[in-house]
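Please open the structure in your viewer and keep the selection tool at hand. The tour below goes from one selection to the next and says what is to be found at each stop.

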There are 4 protein chains.
Amino acid sequence: ERIRDYGIEIGVIPTGTQNAITDVSGVKVGHTTLVKGDSIRTGVTAILPHGGNIFQQKVPAAVFVGNGFGKLAGSTQVNELGNIETPIILTNTLSVATAMDAVIKYTLRQKGNENVRSVNAVVGETNDGYLNDIRGQHVKTRDVLSAINNATENNAQEGNIGAGTGTVCFGYKGGIGTSSRKLPGSLGGYTVGVLVQANFGGVLQIAGINVGKELSRFAFSDQLLNNVDGSCMIVVATDAPLDHRNLDRLAKRAFMGLAKTGGIASNGSGDYIIAFSTAKETQIAYKTTHLLKQEVVANDYMSPLFMAAIEATEEAILNALFTAKATTGKNNRKIEALPVSKVLDILKEHRIIKKK
Amino acid sequence: ERIRDYGIEIGVIPTGTQNAITDVSGVKVGHTTLVKGDSIRTGVTAILPHGGNIFQQKVPAAVFVGNGFGKLAGSTQVNELGNIETPIILTNTLSVATAMDAVIKYTLRQKGNENVRSVNAVVGETNDGYLNDIRGQHVKTRDVLSAINNATENNAQEGNIGAGTGTVCFGYKGGIGTSSRKLPGSLGGYTVGVLVQANFGGVLQIAGINVGKELSRFAFSDQLLNNVDGSCMIVVATDAPLDHRNLDRLAKRAFMGLAKTGGIASNGSGDYIIAFSTAKETQIAYKTTHLLKQEVVANDYMSPLFMAAIEATEEAILNALFTAKATTGKNNRKIEALPVSKVLDILKEHRIIKKK
Amino acid sequence: ERIRDYGIEIGVIPTGTQNAITDVSGVKVGHTTLVKGDSIRTGVTAILPHGGNIFQQKVPAAVFVGNGFGKLAGSTQVNELGNIETPIILTNTLSVATAMDAVIKYTLRQKGNENVRSVNAVVGETNDGYLNDIRGQHVKTRDVLSAINNATENNAQEGNIGAGTGTVCFGYKGGIGTSSRKLPGSLGGYTVGVLVQANFGGVLQIAGINVGKELSRFAFSDQLLNNVDGSCMIVVATDAPLDHRNLDRLAKRAFMGLAKTGGIASNGSGDYIIAFSTAKETQIAYKTTHLLKQEVVANDYMSPLFMAAIEATEEAILNALFTAKATTGKNNRKIEALPVSKVLDILKEHRIIKKK
Amino acid sequence: ERIRDYGIEIGVIPTGTQNAITDVSGVKVGHTTLVKGDSIRTGVTAILPHGGNIFQQKVPAAVFVGNGFGKLAGSTQVNELGNIETPIILTNTLSVATAMDAVIKYTLRQKGNENVRSVNAVVGETNDGYLNDIRGQHVKTRDVLSAINNATENNAQEGNIGAGTGTVCFGYKGGIGTSSRKLPGSLGGYTVGVLVQANFGGVLQIAGINVGKELSRFAFSDQLLNNVDGSCMIVVATDAPLDHRNLDRLAKRAFMGLAKTGGIASNGSGDYIIAFSTAKETQIAYKTTHLLKQEVVANDYMSPLFMAAIEATEEAILNALFTAKATTGKNNRKIEALPVSKVLDILKEHRIIKKK
């Protein structure tokens with residue numbers, strides 16, 4: 001069950017229908033989950049800005065670096081040209097190259113791309129090496145292609161799936177989480193959807209309550225045990241027609257959402273936010289005309305979108321924690337799931353949960 | 001009274017003695033408060049990295065731009081050279097030029113600076129134009145010099161003072177706030193101190209509790225009334241020996257602290273963080289030798305400092321709200337103080353306040 | 001006489017009619033030159049993106065920092081919001097505050113701006129303290145207003161004028177210089193105009209010829225005398241409809257033009273480029289609608305504009321050198337003009353000058 | 001023969017012994033050249049900051065993005081942590097993933113790295129798809145490992161070698177080029193070495209002379225034929241003890257050197273500069289102590305290093321052009337070598353060549 005199923009509301013803006021990144025029309029998500037033997041606990045998650053040939057119809061985009069201890073591929077071209085031209089892939093740290101290569105192959109082989117000689121693959125990662133035999137590099141090209149090819153518009157799966165299979169978050173099992181916000185018509189009526197690969201630490205806060213502290217389980221609480229490092233990859237999609245500059249600003253707000261869960265963007269964390277717009281009128285053809293006609297949201301109307309990105313990111317991370325299951329992996333290491341029952345008790349004690 | 005006086009703890013790290021930026025040894029703070037007639041509600045706050053000639057003994061520094069709708073002076077040189085060479089001044093938006101000029105005059109006149117021909121004044125601002133006759137530009141050179149000259153090492157004043165005299169925060173009276181954290185010896189034993197000029201909006205959260213929502217007073221809750229813009233200037237001081245790069249990272253974490261109070265860094269917000277180190281061994285003489293000997297904190301030991309900056313920023317903002325008083329200003333506009341009694345009731349209801 | 005008057009061509013793209021920034025339709029330039037007594041050698045240069053109320057009709061803009069040892073005001077807001085809302089002012093280092101304040105006053109007083117409470121003044125500077133009594137801060141508010149009010153669309157004055165009155169460049173008298181390029185219709189037909197305040201050092205190259213070396217006058221050639229510091233402010237205007245992102249890229253190319261004159265962006269140099277578009281359809285009203293309709297040049301068509309910016313910057317700097325006159329200033333210091341006759345001999349020897 | 005062999009001097013600072021990046025003590029360079037059949041014209045170049053285990057002894061580093069139409073891997077971590085932990089690899093655009101993966105495998109397998117679970121591979125590229133069957137992805141893991149393993153301290157090979165095998169520059173055959181500068185003792189005595197993978201366009205200037213124009217062969221000179229795109233990867237090494245911030249500034253100066261060859265950093269160009277210091281005292285152990293002792297060059301002493309980087313970059317690019325040989329590749333396309341004889345005639349006509 002997701003956090004909202006327990007009557008816990010994050011923020012003040014209504015969610016989209018699925019409360020998922022796929023509420024942003026056209027966005028597709030696919031996962032490949034690799035759980036084999038004692039020590040393979042990893043996978044691939046693919047996010048497609050739209051269902052067509054992305055290289056031929058690029059989308060405006062931006063990458064914001066929260067903390068750059070990470071191996072994200074493709075960020076400099078995204079920020080220079082202001083667009084993304086491939087599916088976005090998330091996987092583990094030592095499989096970024098495999099995923100890049102798979103995205104290149106996928107793009108080269110697409111119909112219409114027969115003469116393409118340059119592909120900017122966007123691949124993010126977090127390090128699942130505590131549970132997963134990451135040095136074994138078990139993600140293969142076919143796993144990446146599979147995640148892309150299986151992507152659908154109504155995939156709101158969360159937890160131990162895809163790139164979240166082996167992740168750890170605030171000392172508990174992390175994973176994939178997603179959420180969305182839909183602004184009222186008076187504020188533009190846009191949808192903002194977020195998907196996270198949650199694998200980081202700090203002092204867990206749920207709906208503001210300092211659960212990490214109450215559970216006595218947080219960064220630096222125990223000098224011997226603390227491990228705040230990890231990473232959080234955040235993908236933000238919106239149907240609002242935004243240019244690169246305002247997508248960069250939107251991405252930065254997702255970083256604020258991470259902060260609200262108690263994340264601290266520790267030294268060893270790779271916290272990156274990739275934001276893109278799916279608005280048809282802002283798509284950029286591979287072979288453009290001299291002038292691009294655009295209709296983009298003006299600066300003065302950005303704040304509600306900012307708030308939506310903050311809220312959806314916070315909730316996506318919490319969803320990852322609530323849905324992930326206890327996992328045993330490499331060297332028989334075990335990571336517990338968030339103790340939901342205890343957490344609910346804490347939230348009840350704090351009158352965060354209203355219904356019952 | 002400050003938030004901690006009510007038994008509310010923010011975060012998990014202990015505070016410094018004063019729970020103020022001046023806990024960082026050598027840092028001095030001074031204020032000039034301008035309250036005159038019906039419509040002058042403004043002022044100046046000065047933060048001095050040390051008590052000596054700052055131009056002759058510069059300190060390592062960095063500026064992080066959270067949201068750049070603001071007129072901060074001096075950021076490009078701070079980030080290019082990695083240091084600050086003047087007192088840091090906070091004031092109102094239309095008085096930045098006056099403050100710059102005052103800092104230049106102050107520096108030119110200092111003993112030892114007789115031949116100085118270039119001064120990089122660092123001046124931040126927020127817009128107090130709702131309560132203050134900002135177009136009247138009532139801050140004068142003498143007011144800035146007074147704030148510098150009156151600065152002391154044990155000034156932990158907060159609320160309607162100095163540059164916080166006319167500010168508004170989450171729809172309530174904002175102002176100056178400060179807080180600090182002292183790491184245990186095992187994590188370096190360093191102090192991180194923060195001072196804020198709080199003048200922004202969003203959905204107020206206090207110790208995580210969504211007070212703004214419970215008071216039905218938050219951004220976009222009322223289409224006619226919402227005003228989330230404003231700004232937040234944040235100054236972060238530490239005695240940890242940090243170079244520019246790690247100060248930049250530290251500054252970015254203060255932005256995360258702002259997020260935890262419910263700030264959204266709205267489009268019209270000027271959210272800047274200025275971070276500096278007071279460690280003697282990292283000071284840079286005006287006339288340096290060819291090589292600078294430094295001993296700086298390694299990346300791997302930065303995370304506790306990051307957490308300290310997040311916590312101290314959150315608490316500094318809340319202190320500003322708790323200490324600021326209701327103010328009537330320009331055009332007879334009135335901004336109420338945070339309704340502390342109601343807020344405490346909410347926090348009690350949520351079992352955030354333990355003692356009592 | 002300007003460099004082209006001697007038959008020297010820089011680059012391969014034709015110039016505009018005036019070979020000046022004012023070839024970009026609507027751009028106005030004005031100067032206030034302050035030469036008084038023995039030691040006042042300074043001034044103000046104003047560049048207006050258009051002749052209307054700039055605050056009410058902002059223009060897309062970007063600031064690129066070549067080397068940030070400088071006090072440029074306004075850059076963070078320009079880059080956050082992507083626009084400029086005031087005249088651009090150039091002056092000396094210690095007069096930036098005065099110029100900011102003058103721009104604020106100018107803007108507050110403009111018809112239609114009666115309720116404006118926030119103004120982002122863009123003010124650049126270089127340090128003329130060798131010839132000018134810079135510590136005396138002789139630029140006054142009226143001097144700045146005068147430069148703005150006297151600005152015209154056909155002002156191509158150069159050399160010892162305005163903000164270039166006291167500048168030094170490659171050890172010779174520097175000053176204001178300007179140039180432009182007009183692309184052929186097949187490449188868009190756009191005009192790119194550049195104005196520089198040249199006050200920097202390195203090894204002077206004219207039309208590629210290493211004149212500094214041949215004259216034995218260059219940075220580090222004499223350990224006792226070398227002074228490569230200074231600064232170069234570069235303003236780039238274009239009628240091409242560009243958004244912030246592509247203006248930022250255009251600005252970066254102007255920095256490449258500086259390199260071609262032998263500039264090295266020394267440690268003490270404040271090399272900033274401010275680029276803006278005058279295209280009507282990209283202007284941003286103070287009170288915008290929710291969506292902005294734009295028609296902007298696509299990435300794939302930017303390269304000719306890049307080349308134009310490089311060429312015009314190189315030529316503008318050389319024009320500053322060719323037109324500036326020898327000047328005696330503070331402490332009876334004298335800076336010679338570029339020895340044009342010797343330079344022409346060198347260029348003839350190298351067969352750079354073709355006509356005769 | 002290299003450009004200096006013809007009596008052409010670039011700049012004013014003396015070169016190092018080899019006039020190559022390997023003049024920086026400890027730096028090793030290796031190449032794998034792939035020329036097979038009609039259409040394989042590509043390769044790999046490896047630059048090793050030192051001969052030890054780079055992951056265990058990281059070097060301070062920075063990446064500057066000149067123009068980001070490129071797929072450089074690793075830049076965000078380099079800039080966040082301020083260091084490089086692997087060999088630097090250059091190859092073709094569609095082989096970056098292969099190279100990343102090879103570097104990861106190389107690092108994982110190194111003695112002492114048995115528990116390493118995170119590797120930040122730094123891989124740059126240019127697009128050799130005109131001469132090379134780039135879509136065939138002919139670079140294999142073994143080719144990358146071979147370049148690393150064959151790297152030596154006295155490798156100054158240039159032209160059609162390694163990652164330069166299939167590159168095109170200013171319409172002529174490009175390739176690998178290298179150069180160095182050694183500052184006099186009075187300026188620090190440091191060496192700056194540069195290696196480039198030259199594959200870009202513009203208007204070729206040699207020693208300042210507009211050779212491209214005289215040969216009527218330059219960007220946009222022929223609307224049908226122009227192809228200014230491509231890329232230039234630039235690696236800058238120095239034995240000066242520099243921290244990340246000053247390495248970033250140094251990298252930016254290499255971009256100025258590119259400008260002096262007539263490069264314009266066209267829209268489709270991936271122009272990146274990777275700079276690192278080899279100074280022993282600035283190396284960062286994988287497991288550091290809490291405090292790092294450093295002795296770094298002060299800002300005020302950076303300018304000579306800046307000039308050295310500019311000069312060495314310009315000469316490295318010209319060396320690539322002078323040493324590259326005419327090449328026939330994919331689809332029987334042929335790229336001529338720089339017509340050295342004609343070029344020398346032009347330079348003689350312009351009295352650039354003195355001896356002879």
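The crossing of α2(C) and α3(C) is right-handed, where right-handed means that the near helix is turned clockwise from the far one by less than a right angle, and left-handed that it is turned anticlockwise. To see this, select residues 96–109 of chain C for helix α2 and residues 141–149 of chain C for helix α3, whose axes come within 8 Å and cross at roughly 60°. Helices here are DSSP runs of H or I with at least four residues, and strands are runs of E with at least two, numbered from the N terminus. The axes are lines fitted to C-alpha atoms, for helices over the stretch in contact, and the angles run from 0 to 180 degrees between N-to-C directions. α2(C) and α3(C) are therefore oblique to each other, since angles under 35 degrees count as roughly parallel, over 145 as roughly antiparallel, 65 to 115 as roughly perpendicular and the rest as oblique.

This is a predicted model, in which local features need pLDDT of at least 70 and side-chain atom pairs count only at pLDDT 80 or more, while totals for chains, interfaces and linings use all residues. Residues are numbered from 1 along each chain as its sequence is written, chains are lettered from A and ligands numbered from 1 in the order in which they are written, and side-chain values use heavy atoms, with hydrogens and water left out.

Next, show the side chains between these two helices: on α2(C), the residues in contact (heavy atoms within 4.5 Å) include C:Ala102, C:Val103 and C:Tyr106, and on the α3(C) side they include C:Val144, C:Leu145 and C:Ile148. By class, this contact of α2(C) with α3(C) has seven nonpolar, three polar and two charged residues, where Ala, Val, Leu, Ile, Met, Phe, Trp, Tyr, Cys and Pro count as nonpolar, Asp, Glu, Lys and Arg as charged, and the others, Gly among them, as polar.

Stay in chain C and select helix α5 (residues 244–260) with helix α6 (residues 303–323), which pack at an angle of about 40° with their axes 7 Å apart. That makes α5(C) oblique to α6(C), and α5(C) passes α6(C) in a right-handed crossing. Among the residues making the contact are C:Leu250, C:Met256 and C:Leu258 of α5(C), together with C:Phe306, C:Ile310 and C:Ile317 of α6(C). The contact of α5(C) with α6(C) has nine nonpolar, two polar and four charged residues.

Now colour chain C and chain D separately, and look at their contact, which takes 47 residues from chain C and 47 residues from chain D. The area buried between chain C and chain D is about 3700 Å², of which carbon and sulfur atoms give 57%; buried area is the accessible area (1.4 Å probe) that two parts lose on being put together, summed over both.

How many salt bridges lie across the interface of chain C and chain D? The rule, which asks for a side-chain nitrogen of Lys or Arg within 4 Å of a carboxyl oxygen of Asp or Glu, finds three. To view a pair, select C:Glu9 and D:Lys213, whose side chains meet in a salt bridge at 3.5 Å, N to O.

Finally, turn to chain A, where 27 residues of chain C are in contact with 27 residues of chain A. Chain C and chain A bury about 2400 Å² between them, 48% of it on carbon and sulfur atoms, and the count between them is two salt bridges. Select C:Glu80 and A:Arg249, which form a salt bridge with the closest N and O atoms 2.6 Å apart. This pair crosses between chains, from C:Glu80 in helix α1 (residues 75–81) of chain C to A:Arg249 in helix α5 (residues 244–260) of chain A.
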